[in-house]
Amino acid sequence: MRGDQFLVIRRSQHVRAPGMHCFPGGAIEAGEREAEAVQREMLEELALAAAPIRLLWRSVTPWGVQLAWWLVEIDSDAVPVPNPVEVESFIWLPIAQIRCLPQLLSSNLEFLDAWESGGLI
């Protein structure tokens with residue numbers, strides 16, 4: 001986050017759920033802890049050095065994928081550089097505008113609901 005804005009990506013055409021909007025992230029690799037996966041995914045997707053702060057929430061998609069939602073810190077002057085294999089574009093938006101994005105992954109709406117209701121860990 002920066003102020004009241006969240007970093008949102010539009011997924012590339014080369015990954016699952018192509019063209020969808022979501023928060024940055026991805027799968028945990030074998031032998032990797034969640035915090036390590038967060039750091040690696042931010043580097044891979046956006047060339048950002050991210051320091052994991054804390055786990056915010058857990059959820060499971062309707063198709064059984066377990067998700068862990070983390071708060072991270074990045075330098076205030078850092079500029080994301082999308083990896084075109086994974087990320088088509090990025091934008092910083094407040095919650096109200098994220099909710100209006102076309103093709104927003106439903107799990108992201110569930111996270112925003114939990115955020116606004118105070119239902120986070």
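Biologist: How far does helix α1 (residues 34-46) reach from its first C-alpha to its last?

Modeller: Helix α1 has 13 residues and reaches 18 Å, close to the 18 Å expected at 1.5 Å a residue. The expected span is 1.5 Å times one less than the number of residues. This is a predicted model: local features need pLDDT of at least 70, side-chain atom pairs count only at pLDDT 80 or more, and totals for chains, interfaces and linings use all residues. Residues are numbered from 1 along each chain as its sequence is written, and side-chain values use heavy atoms, with hydrogens and water left out.

Biologist: What makes a run a helix or a strand?

Modeller: Both are DSSP runs, numbered from the N terminus: a helix is H or I with at least four residues, a strand is E with at least two. Helix α1 has 13 residues, so its length meets the helix cut-off of at least four.

Biologist: Which residues of α1 are buried?

Modeller: They are A37, V38, R40, E41, M42, E45 and L46. They pack against β1 (5-11), β3 (51-60), β4 (66-73) and β5 (87-94). Contact here means heavy atoms within 4.5 Å.

Biologist: Why is F111 called buried?

Modeller: Buried means under 20% relative accessible area, exposed over 50%, and partly exposed in between (1.4 Å probe, protein chains only). F111 has 4%, so F111 is buried. W115 has 27%, so W115 is partly exposed.

Biologist: What makes F111 and W115 an aromatic pair, and why is the pair called tilted?

Modeller: A pair of aromatic rings is described by the distance of the centres and the angle of the planes. Rings of Phe, Tyr and Trp (its six-membered ring) pair if their centres lie within 6.5 Å; planes under 30 degrees apart count as stacked, over 60 as edge-to-face and the rest as tilted. F111 and W115 are 6.0 Å centre to centre, with 45 degrees between the planes, so they form a tilted pair. Both lie in helix α3 (residues 106-117), four residues apart, about one turn of the helix.

Biologist: Which residues do ring pairs link into a cluster?

Modeller: F6, F23, W57, W69, F111 and W115. A search of the whole structure finds eight aromatic pairs.

Biologist: How do you know that β3 and β4 pair?

Modeller: Two strands pair if DSSP finds at least two bridges between them. Eight bridges join β3 to β4, so these strands pair. They run antiparallel. P52 stands opposite V72 in β4. Their hairpin has five residues between the strands, and G64 there takes a positive phi near 90 degrees.
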